[in-house]
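Reader: Hi! Could you walk me through this one before I start setting anything up?

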Protein chains: 2
Amino acid sequence: MIVDQASVGIAITKLMPFPLLAAAEEGSSQDNGPIILASVLLSLVAIYIASKVGGELCSRINLPPVLGELVGGVVIGVSVLGVLVFPEAGATAEDSLIITFIEQTTDLDPNSAEAVFEAQTEVITVLSEIGVIILLFEIGLESDLKELLQVGPQAAAVAITGVIAPFVAGTGGLYYGFGVPAVPAIFAGAALTATSIGITAKVLAELGRLNSKEGQIIIGAAVIDDVLGIIILAVVASLIKTGNIEITNILYLVISAAAFLVGTILLGRLITPYLVGMVNAMRTRGELLVTGLVFAFALAYIATVIELEAILGAFAAGLVLGETEKRKELEEQVVSVADVLVPVFFVCVGARTDLGVLNPAVPSNREGLILAAFLILVAIIGKGIAGYTIIGRGDLNKLAIGIGMVPRGEVGLVFAGVGSASGALSPSTEAAIIVMVIITTFLAPPFLRLLFPEAPETETETSKQEGT
Amino acid sequence: MIVDQASVGIAITKLMPFPLLAAAEEGSSQDNGPIILASVLLSLVAIYIASKVGGELCSRINLPPVLGELVGGVVIGVSVLGVLVFPEAGATAEDSLIITFIEQTTDLDPNSAEAVFEAQTEVITVLSEIGVIILLFEIGLESDLKELLQVGPQAAAVAITGVIAPFVAGTGGLYYGFGVPAVPAIFAGAALTATSIGITAKVLAELGRLNSKEGQIIIGAAVIDDVLGIIILAVVASLIKTGNIEITNILYLVISAAAFLVGTILLGRLITPYLVGMVNAMRTRGELLVTGLVFAFALAYIATVIELEAILGAFAAGLVLGETEKRKELEEQVVSVADVLVPVFFVCVGARTDLGVLNPAVPSNREGLILAAFLILVAIIGKGIAGYTIIGRGDLNKLAIGIGMVPRGEVGLVFAGVGSASGALSPSTEAAIIVMVIITTFLAPPFLRLLFPEAPETETETSKQEGT
């Protein structure tokens, strides 16, 4: 039915903007409304197919499905097919297969292609961010606050070791062993301290291990690590920019992070009985889920405003609501929303990953790859030993706890990005950090799977059944 | 904790972009990443609070909750508070309370405020469009294809009467009675033919009447009306632009619409057994829901490409999947996604509604209000009589069927928007169309509620229980 559409369609489309957007068609900037929607729909179709094909393949070879979602993202992303690319990495509308396809199937004006491309990537980016917010909200709901507080000291020990060991070994090794100047060496060392709570938590959930002792220690340590990472980034960034460390910034971050986490949990416990009472009095559809999301989004907003991460707010909201009688019901309702939004996050992480830096045939990559090999070793060993700082408790799988902290994920990429923007990193050091992030992120899920081999069948069943 | 943040925060934020966005921070255009996410989260919080406060209040005074969502949208929208405003209507960042609030709570650079405002409204607009796509997918799932085909002839009679009667009466009345020139009279008449399938379907679902004979006739007629509306808009628009009617365009639209609806249903029936088999073989979470959405979004995309509406594609996808053994399970999973996204649509419709045109104290509004009074009468009577074209069937509530077609909603606003953009409408005629759309949209839900008073308690229960 698309034959001859180009000639027939132009006159109509010009006069027939998408109903929902055109309500007050006055400027011409919104003429692209239906095309932007179409490009987002097409992106979601590509993302879902990539996540499901990748996830199913991984699950069949006994690997965590989230690894498949990441790899699926790589396949449709900048490294391979170029279906889903993002302008921050320098891509334009011409690099995007989605936009090219839309240009061929609709009468999209090539002059408008760039605007549509930017709107499409903006919407997909925000959807992926809401995806990881929902994921952390879900993880918070499934976590047990009491259990988490109980393992708090152990989690803190793991987090602090997992920050200090790779930082010292990484910075020292690069500076003394590879002759990297001090500032980039410190930066690379700082990048080694990150942990991607999203990837680890998702793998644990898939293995049905989130509520094991090990799982709770990993989650607790990852949350502490996330806060430490924000502080370290602020320190390192201020060091690069001003040459010294601004103590007020650091103090502000430490105090606001502590106050936020303690405050939300204490205040949250006071507020939730009223929230639950309100939900019980409500009569319209979706009363529990929408109220829960309002709470989660509001805390995510506050966390962003005080310079923390939105996901910490969502996690705290989930933790607090997980203490109420509504936990089970809310968990069940969040599942579908998570199923729809979380894959967008993981596929986007994969799609943004540029595997070009891994190609040893490119001479300029080689120096970076050698540095990367060193960083990867430090990254795995530095986190791997962190579990052993837990004293006693021979019953715990301490190696698994350390390996759970290995994936640097998107958090590690921030360091590379900030370092690159500040001009402090040489191309080879930046490439080395990116390669380290890629390898740790993609290796950790199968490693974790190996280290938790004896997962009881019933638990794994639950984690699939949740989605059905 | 926000004290002194402006001075402390600037250095940090500059160097600490949001992790998820900053992966490859090279340009500076993405510096606003965390602020854009924060503004979207805040918008969603405002939207959810407006939808729930409005919905709960309406449900307590025995009105359909969706009316409360619309009114809640009006309250936070351009007409009252200005929390949620959109650039298409001429609003800037300064008019948006969300952006103002963000400027006060973060270190958002006033120069970037406009970019953040545009990104925020773009994302919310697309979310609201995905919301109505999910709504129509859900309505399609809940509808019974056989029943719908069975009532097809009756629905067609209702749709065609509901298009011809208001068009002839409206155009004739304006031309002969009010001395409005021919072209704007035809345009206003055309605007009277629209039906907002979203609002009607939502009210029917809330009343537990979607699967009644009347409900299925209304849905069937609304779908046919939607297609007729697209054709009428193309005809009128081409008339204004070129002075004559381009037969090829019209033929193209009629054929593609018919081919699309028949094609998706026939092909869909062939494809769905394979889809169901694939879903049964899948092992990862969310396999059914994600597969269903891929199908819905793909059809929505195709519908957009052939110049139809995305919602028609989603409705067809729901209808076809509703025929499979997975119907019940999929319906249950879509509920949570709908609860999260559908309110965004209705609140946005309300928020975009500018009640300024209703103020009789403004002299320039008076002429429009007089025209509007006439258009409203024609709008209600013209659709109201449509139900009576069903021959025999004294058991049917024929008035309710007609009244079900009354809300013009966002579809009616398209006509006003296109007319305004083409310069064919005088300000008073445009205002009259907008007032007619507002009044029919807001009156139809309570009217429908009155006409379906004897809704069995169990059915209404179900429609709330779905969401719990």
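**Starting from a buried glycine**

Author: Gly55(B) counts as buried because 31 C-beta neighbours lie inside 10 Å. A residue is buried if 20 or more other C-beta atoms lie within 10 Å of its own, exposed if 12 or fewer, and partly exposed in between, with C-beta atoms placed from the backbone. This is a predicted model, where local features need pLDDT of at least 70, side-chain atom pairs count only at pLDDT 80 or more, and totals for chains, interfaces and linings use all residues. Residues are numbered from 1 along each chain as its sequence is written, and chains are lettered from A and ligands numbered from 1 in the order in which they are written.

Reader: Which element does Gly55(B) lie in, and what is in contact with Gly55(B)?

Author: Gly55(B) lies in helix H2 (residues 33-60) of chain B. Helices here are DSSP runs of H or I with at least four residues, strands are runs of E with at least two, and both are numbered from the N terminus. Leaving aside neighbours within four places in sequence, Gly55(B) is in contact with Thr284(A), Pro65(B), Gly68(B) and Glu69(B). Contact says that the two C-beta atoms, placed from the backbone, lie within 7 Å. From Gly55(B) to Glu69(B), 14 residues along the chain, the C-alpha separation is 5.4 Å.

Reader: And Gly350(B), buried or exposed?

Author: Gly350(B) is buried, because there are 31 C-beta neighbours inside 10 Å. Gly350(B) belongs to helix H14 (residues 327-352) of chain B. Among the residues Gly350(B) touches beyond four places in sequence are Glu69(B), Leu70(B), Val74(B) and Gly77(B). Val74(B) is 276 residues away in sequence, yet the C-alpha atoms of Gly350(B) and Val74(B) are 4.4 Å apart.

Reader: At what angle do H14(A) and H14(B) pack?

Author: About 80 degrees, with the axes 8 Å apart. Axes are lines fitted to C-alpha atoms, for helices over the stretch in contact, and angles run from 0 to 180 degrees between N-to-C directions. The two helices H14(A) and H14(B) are therefore roughly perpendicular; angles of 65 to 115 degrees count as that, under 35 as roughly parallel, over 145 as roughly antiparallel and the rest as oblique. Gln333(A), Ser336(A), Val337(A) and Val340(A) meet Gln333(B), Ser336(B), Val337(B) and Val340(B) there.

Reader: Switching to chain A: how many helices and strands?

Author: Chain A has 19 helices and 0 strands, and 62% of its 468 residues count as buried. In H12(A), 18 of the 19 residues are buried. Just after H12(A), Glu307(A) has a positive phi of about 75 degrees.

Reader: Which residues of H4(A) are buried?

Author: Ile98(A), Ile99(A) and Ile102(A) are the buried ones in helix H4 (residues 97-105) of chain A. They cover an arc of only 95 degrees around the axis, which puts them on the same side of H4(A); the arc is that of the directions from the helix axis to the C-beta atoms. Their cover includes helix H2 (33-60) and helix H5 (110-142) of chain A.

Reader: Where in chain A does pLDDT stay under 50?

Author: One such stretch is residues 1-30 of chain A, and residues 457-468 of chain A are also below 50. pLDDT is the predictor's confidence in each residue, from 0 to 100. Where it is low, the predicted coordinates should not be read in detail. Chain A averages 82, with 89% of the residues scoring at least 70, and the model scores ipTM 0.84 and pTM 0.84.
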